[in-house]
Amino acid sequence: MNAVPSSTYFSAPPDWGWLITLYFFFGGLAGGCYFLAVLIDLFDRPEDRPLARLGYYISFPCIIISGLLLTLDLGRPLRFWHMLIESNTYRPMFKYWSPMSVGSWALLIFGIFVFLAFLEALVEDNRLAWAGARKFRPPGVLGSVIAVIGGLFGFYVAGYTGVLLAVTNRPIWSDTPLLGMLFIVSAASISAALMILLAHGSRRTTPGVAVMHRLDSWVVALEFIVLIAFLISLGSVFRAWLSAWGLLLLVVILLGMILPLALYWRKEWLGDRNLTTSAALVLLGGFLLRLVIVFSAQGI
Amino acid sequence: MAEPMGFYTDTTVCIGCKACEVACKEWNQLPSTNGGLNTLRGNSYDNTRQLDGIHWRHVKFIEQFTEDRKDGRWLLMSDVCKHCVHAACLEVCPTNAIVRTEFDTVVIQSDACNGCRDCISACPFGVIEINPASGTAQKCTLCYDRLQGGLEPACSKACPTQSIQFGTINDLKGRAQKRVEQLHQAGEKRAYLYGADEKMLGGLNSFYLLVDKPEVYGLPPDPKMQTRNLQAGSWFSALGAVLVGLMAIINFRNRGADENAREERP
């Protein structure tokens, strides 16, 4: 056995706790729901437009909550703007090699895209009278360009948090390059799950919901594979999971991945509630996954 | 730029008096309690436990005794920020609050820091912490204010055994190498320098003479830059995005095919 410990064990935990865990969850939902809504829009099925609007309606509060959570987590919240403007020189603050720096800008820019889509959704639902907002969403050329660029930013916001954790020197986080991939895939799975749940709750059960459910089963299967690859890639640091956090990770795998997949393939098990139960489990699993990853690496 | 300055700490002559800790606290006006909470704990003769936002110097007491305590030795080491030439904290700081000075030292500007704590997780040595009084990340400045005034840092000035030596890096390396040779000749073959060469993060501007493995002193055997995962992590994330995107496109397109097939069915 290798007696030399991983050098990552000598760093200090940054005390990123519940606020950051919630940010990872809501940020993932904001990015994922926006991306799924864009995709529905780009396939241009009129009957699914209410489902796409639902995606934008979820993204908007999620991105607002994300910004608030990040600000509140700072030691000096009123200095949140230092992320964007260098406080000594008042020049733009940007470091392409610092995920937190790029992520701050990505959140701001993505927030603008989400806001535009949110406005259009309000107009289409006759809750806002501004015909010009229609241009912000497909099928028009400008709307399609906005959707594609916004979707890319959505993906970035959903996944950069994993890369941010990997670009540290903490055990688990920095012992693998797969966290960003895991977070992106997980963001897609929880977003599809929430859209399915809310579509049922708000009676927007368009034909797209069934497609979303099938897509979610595929994505959850991919998430399971990425999670296993993530665990293997940890090497000797895998032993860090021999703790209560490892047990919770097992719960994530069983309740948040295996059971929802089983419910998808065995539709007769819970009848009408099959779809919503599996979606709720995926959502819960996605939250617990972030909780486990954020807290486990800091308890070492 | 002035010549690079730093510390050379010879752990073999440290007597654990903690004069360095006290001098650091006095000069930098660091509080004795952590946000009103008394954190002093007994662990051997160590009562401040670690480097953090209010302890910029920390004397480690490492006991190496047999179970019956008839034979053994103390390892004493005054720990501090390493002022790495390739500094992970400086690289990752999203507000440019962490800067490199004209003395090649690494300093956190408290008025620019917003307490995001990215630097804490990036530092491979666990040096940085939040000072609850300011809400910002803090660590040793290598007494930047004293250096600007032509004075040596408070800790090395107070050290009664010359365990902590201050000077230009070139001069310190020369002194340290002579001391290692002296110890080898005296029979202490385990003596070596930690962080003096450029292989470790480009060189540590605060390096050590040790007589046991780094991990015994709580130092990482092979500290790395936090950016090592940036490229691979980004590519894998992009791969994840592509896979999810493909899955989504296939599912939404298949839906169209399914419906067409149903319509064509008699």
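I call a residue buried if 20 or more other C-beta atoms lie within 10 Å of its own, exposed if 12 or fewer, and partly exposed in between, with C-beta atoms placed from the backbone. By that count, 53% of the 300 residues of chain A are buried.

**Ground rules.** I am working on a predicted model, in which local features need pLDDT of at least 70, side-chain atom pairs count only at pLDDT 80 or more, and totals for chains, interfaces and linings use all residues. Residues are numbered from 1 along each chain as its sequence is written, while chains are lettered from A and ligands numbered from 1 in the order in which they are written.

**Chain A, overall.** I looked up the secondary structure, taking helices (H or I, at least four residues) and strands (E, at least two) as DSSP runs numbered from the N terminus. The C-alpha trace of chain A spans about 65 × 60 × 25 Å along its principal axes.

For contacts I required C-beta atoms, placed from the backbone, within 7 Å. Of the contacts in chain A between residues at least 6 apart in sequence, 73% join residues at least 24 apart.

**Helix α5(A).** This one covers residues 179-201, 23 residues in all, and reaches 32 Å from first C-alpha to last, close to the 33 Å expected. The expected span is 1.5 Å times one less than the number of residues. I found 19 of the 23 residues of α5(A) buried, so this helix is largely enclosed by the rest of the structure. After α5(A) comes A:R203, with a positive phi near 55 degrees.

**A helix pair.** Next I checked α3 (residues 99-124) and α4 (residues 141-166) of chain A, whose axes come within 9 Å and cross at roughly 145 degrees. The axes are lines fitted to C-alpha atoms, for helices over the stretch in contact, and angles run from 0 to 180 degrees between N-to-C directions. On the α3(A) side the contact includes A:G103, A:A106 and A:F110, and on the α4(A) side it includes A:G150, A:G154 and A:V157.

**Chain B.** I counted seven helices and 10 strands here. Domain bounds come from an automatic or database domain assignment, and chain B is divided into domain 1 (5-223) and domain 2 (227-264). Their centres, taken over C-alpha atoms, are 49 Å apart. The radius of gyration of chain B is 25 Å, whereas a compact globule of 266 residues would have one near 18 Å. Its C-alpha trace spans about 95 × 45 × 40 Å along the principal axes. Buried residues make up 45% of chain B.

**Where the chains meet.** I found 53 residues of chain A in contact with 50 residues of chain B. On the chain A side, α3, α4, α5 and α6 (207-233) each supply at least two residues. The largest share, seven residues, comes from α6(A). I also checked the length of α6(A): its 27 residues should span 39 Å, and its end C-alpha atoms are 39 Å apart, which agrees. Just after α6(A), A:G235 has a positive phi of about 60 degrees.

Methods
Contact = placed C-beta atoms within 7 Å. Rg over C-alpha atoms; globule rule 2.2 N^0.38 Å.
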